[in-house]
Amino acid sequence: MRRTFSYAAVTKDTRNADIGLFTNPSNLDETMNDYQREQLDALIMVRDGLRQRLHAQRSQLVDQIQAYMAFRGSVDRFFSRHFNDVCTRTCYESRTSACCSKDGIITFFADTVVNALIAGPDQLDRLETVLRAENNGHRCVFLGDGGCLWTVRPVVCAMFLCDRAMQTVFEPEPDLKIEWEQLRQQARHYKWPDRPVLFDDLEKVFIARGMRSSLMHLNFSPGLLNVKKRAGLLDPSGGRPGRTA
Ligand code: SF4
């Protein structure tokens with residue numbers, strides 16, 4: 001149950017403005033907030049897409065995320081080996097964790113795709129259920145009694161370490177900090193579009209089938225489009241996919 005807001009500056013300013021630009025496939029309940037609506041829209045879009053327009057490509061997509069899943073396994077093992085004790089002691093047992101205590105964790109469309117490819121229907125149904133429910137808890141809408149309801153948590157959550165935990169673990173063992181920095185660099189290679197990256201590819205698979213989501217930050221966030229532009233990765237047309245849905 002870890003989270004970070006490292007991409008907030010890039011995406012958050014444009015996110016709310018962009019919500020109105022995209023189609024809303026869900027029957028939205030008025031008790032839901034904007035965050036729940038865009039998360040539910042993305043989830044329904046991905047599930048419907050995988051069932052219908054992308055049904056034939058599903059196994060290919062599962063193959064496509066294997067290297068990323070192996071990376072996530074490395075991250076989980078790193079946390080399990082070096083942070084389980086400190087996180088359990090300082091946060092989970094005392095229930096004072098700040099990691100998941102706020103609504104509005106930044107997620108990528110690819111997070112939703114990866115989770116939908118790995119999770120079972122019941123697990124995805126549970127996400128839909130909490131997204132449709134009123135959330136007055138001042139904590140992440142995905143935080144259930146037994147922890148995070150995602151099967152493969154959003155990458156920003158998976159890569160979050162609070163200052164206190166880092167200090168406790170890294171000060172006596174500086175080599176671990178180097179290992180952690182290497183993992184952070186690896187994470188960038190999946191999601192930071194200064195080179196071709198998986199998260200961009202997964203968005204484009206859905207965009208090519210006429211689907212659009214405000215969580216497609218790598219193709220609609222001006223900040224990340226600028227990153228692609230500087231790297232020479234924008235399409236000749238300008239790189240911002242047109243609205244076809
Ligand atoms: S998505 Fe899961 S891990 Fe991330 S903040 Fe919410 S409950 Fe915590």
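# Helix packing around α6 in a predicted model

The axes of α6 and α11 come within 9 Å and cross at roughly 80 degrees, where axes are lines fitted to C-alpha atoms, for helices over the stretch in contact, and angles run from 0 to 180 degrees between N-to-C directions. This is a predicted model, in which local features need pLDDT of at least 70 and side-chain atom pairs count only at pLDDT 80 or more, while totals for chains, interfaces and linings use all residues. Residues are numbered from 1 along each chain as its sequence is written. The secondary structure of the chain comes to 13 helices and 2 strands, with helices (H or I, at least four residues) and strands (E, at least two) taken as DSSP runs numbered from the N terminus.

**α6 with α11**

- α6 and α11 are therefore roughly perpendicular to each other, on a scale that counts angles under 35 degrees as roughly parallel, over 145 as roughly antiparallel, 65 to 115 as roughly perpendicular and the rest as oblique.
- Phe 109, Ala 110 and Val 113 of α6 meet Leu 198, Phe 199, Leu 202 and Glu 203 of α11, two residues being in contact if their C-beta atoms, placed from the backbone, lie within 7 Å.
- By class, this contact of α6 with α11 has 6 nonpolar, no polar and 1 charged residues, where Ala, Val, Leu, Ile, Met, Phe, Trp, Tyr, Cys and Pro count as nonpolar, Asp, Glu, Lys and Arg as charged, and the others, Gly among them, as polar.

**α2 with α6**

- Helix α2 (residues 34-51) and helix α6 (residues 109-118) have axes that come within 10 Å and cross at roughly 50 degrees, and the two helices are therefore oblique to each other.
- The contact is made by Ala 42, Leu 43, Val 46, Arg 47 and Leu 50 on the α2 side and by Phe 109, Thr 112, Val 113 and Ala 116 on the α6 side.
- The residues of this contact of α2 with α6 divide into 7 nonpolar, 1 polar and 1 charged.

**α2 with α7**

- α2 and α7 pack at an angle of about 155 degrees with their axes 9 Å apart, which makes α2 roughly antiparallel to α7.
- Gln 36, Gln 39, Leu 40, Leu 43 and Arg 47 in α2 meet Leu 124, Leu 127, Glu 128, Leu 131 and Arg 132 in α7, and by class the contact of α2 with α7 has 5 nonpolar, 2 polar and 3 charged residues.

- Not counting residues up to four places away in sequence, Phe 109 touches Ala 42, Leu 202, Glu 203, Ser 213, Leu 215 and Met 216.
- Buried residues make up 33% of the 245 residues in the chain, a residue being buried if 20 or more other C-beta atoms lie within 10 Å of its own, exposed if 12 or fewer, and partly exposed in between, with C-beta atoms placed from the backbone.

**Val 227 in α13**

- Val 227 lies in helix α13 and is partly exposed, with 17 other C-beta atoms within 10 Å.
- Val 227 touches Pro 193 and Asp 194, not counting residues up to four places away in sequence, and its C-alpha atom is separated by 9.1 Å from that of Arg 195, 32 residues apart along the chain.
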